[in-house]
Amino acid sequence: MGQPVVHFEVMGKDPDKLRSYFGELFGWEFGESMGPMDYAMVENAEGIAGGIGGVPEGYSGHVTFYVQVPDVEATLAQAESLGGARMMGPDEVPGVGIVIGLLTDPDGHTIGVMSPSS
């Protein structure tokens, strides 16, 4: 069996506007915003966990999903060897207990990978 999709995120220039939009559209409610990315988790939806946050100046954002993998570094290296590119990571998310990374596939789509911290 393949590795599961475990998280999604919508990252954009105006996270408050995005949370308002998706809240109205899907009835989502959000927890407290946290960190420099103004990231807030969806709290009342069933299914895959997710959140909405902001992006640095000059970046338009992305919508992506995260796949749970045994080793973020090994997966990012494999993605590069298969024609993808590393965007970031591996980076430990402080206080959450996970390591994340972002890659782009050969067509430029952003994909996230995550694993529990060691």
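Which residues form a nonpolar patch on the surface? In this predicted model, the patch consists of Val5, Ile48 and Phe65, which together have about 230 Å² of accessible area. Ile48 sits in the loop that joins strand S2 (40-41) to strand S3 (49-54). The relative accessible area of Ile48 is 41%, so this residue is classed as partly exposed, between the limits of 20% and 50%.

At least two lining residues come from each of four strands, namely S1 (5-12), S4 (62-68), S5 (85-93) and S6 (98-104). Sorted by class, the lining of the largest pocket contains 19 nonpolar residues, together with 3 polar and 3 charged ones.

The second largest pocket holds about 160 Å³ of space. Around this pocket lie 13 lining residues, with Thr75, Ala79, Leu103, Ile111 and Val113 nearest the centre. Helix H2 (72-81), strand S6 and strand S7 (110-116) each contribute at least two residues to the lining of the second largest pocket. Its class composition is 8 nonpolar, 4 polar and 1 charged.

Terms used: Residues numbered from 1 in each chain as written. Predicted model: local features only at pLDDT ≥ 70, side-chain atom pairs only at ≥ 80, totals over all residues. Heavy atoms only, no water. Nonpolar A, V, L, I, M, F, W, Y, C, P; charged D, E, K, R; others polar. 1 Å grid on protein atoms, 1.4 Å probe; cavity = no way out; pocket = protein on both sides within 12 Å on 5 of 7 lines; lining within 4 Å. Points joined across faces, edges and corners; volume = space filled by probe spheres on them. Patch = residues over 30% accessible without salt bridge, like charges linked within 9 Å, V, L, I, M, F, W, Y side chains within 5 Å. Areas by Shrake-Rupley, 256 points an atom, 1.4 Å probe, with all protein chains shown as cover. Salt bridge = Lys/Arg side-chain N within 4 Å of Asp/Glu carboxyl O. Buried < 20%, exposed > 50% of the residue type's maximum accessible area, 1.4 Å probe, protein only.
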